[in-house]
Amino acid sequence: MKKQELVNAAIQVIQAEGIQKLSLAKIAEVVGITKPAIFHYFKNKQDLMRAVTEFTVVEYEQTIAAEYDKLPENDDLRHVHAFLYGNLRQLNDSELVKIHAASMEVLVSDDEAKKVWQNVYEREFAKLVPEIGEIQADLLSVALDGMWYGAMCGVWDANRAASIVEYLERIIKKE
């Protein structure tokens, strides 16, 4: 038994039944262990959810990095494009959106999880600013946060989102 198996089980429950049905007992059942055995790996449910948050961050950053690697080296807005395309790719994965939604729930009550995402934002922002400046980097971040919110609330329209990304690309200019 590994910590990652429990994280995967938590993700499986979230995807199948939603965060409201997530319990340590349900996770133990999926993995085939007793609920007390979970405490060998995690202090409590909040600790497990932090691990789900960390998993989400890794997936997020790997997707953006993969998009970055696909882009030509001479792309003056390589980080911007990777940020836009990576987010769009993830937003079109409804299962991943569910995991992000669960991860966001943790942020409400967990300062450590909040710091994890703050660090992600700071790293991404630092990559965007040299290409487009602070104001436009903020604009992109806020626009994509809104798109994530829409996806998590079930009002996601992939075609419209792709059009929004295209529009954002047009209005972002190198300063």
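Predicted model: local features only at pLDDT ≥ 70, side-chain atom pairs only at ≥ 80, totals over all residues.
I then placed Tyr-167, which sits in helix H8, residues 158–171. How exposed is Tyr-167? I noted a relative accessible area of 46%, so Tyr-167 is classed as partly exposed.

**Whole protein.** I counted eight helices and zero strands. Read along the sequence, the pattern is α-α-α-α-α-α-α-α. I took the extent of the C-alpha trace along its principal axes as about 55 × 30 × 30 Å. Of the 175 residues, 41% are buried. The protein exposes about 9,600 Å², and 52% of that area comes from carbon and sulfur atoms. I also checked contacts between residues at least 6 apart in sequence, and 65% of these join residues at least 24 apart.

**Helix H4.** At the start of H4 I found a side-chain oxygen of Asn-44 within 3.2 Å of the backbone nitrogen of Gln-46.

**Glu-67.** I stayed in helix H4 for this entry, as Glu-67 lies there. Is Glu-67 buried or exposed? Its relative accessibility is 7%, and because buried means under 20%, Glu-67 counts as buried. I found a polar contact of 3.1 Å between the side chains of Glu-67 and Lys-70. I then left out residues up to four places away in sequence and listed what Glu-67 touches: Ala-82, Tyr-85, Gly-86 and Arg-89.

**Phe-125.** I moved to helix H7, residues 111–152, which holds Phe-125. With a relative accessible area of 23%, Phe-125 is partly exposed. The cut-off for buried is under 20%, so Phe-125 at 23% does not count as buried. Which residues does Phe-125 contact, leaving aside neighbours within four places in sequence? I noted Glu-134, Ala-137 and Asp-138. I also looked up the C-alpha separation of Phe-125 and Ser-141, and it is 8.0 Å for two residues that are 16 apart along the chain.

How values were computed. Residues numbered from 1 in each chain as written. Heavy atoms only, no water. Helix = DSSP H or I, 4+ residues; strand = E, 2+ residues; numbered from the N terminus. Buried < 20%, exposed > 50% of the residue type's maximum accessible area, 1.4 Å probe, protein only. Polar contact = N/O pair within 3.5 Å; in protein donor to acceptor, adjacent residues only side chain to side chain. Contact = heavy atoms within 4.5 Å. Areas by Shrake-Rupley, 256 points an atom, 1.4 Å probe, with all protein chains shown as cover.
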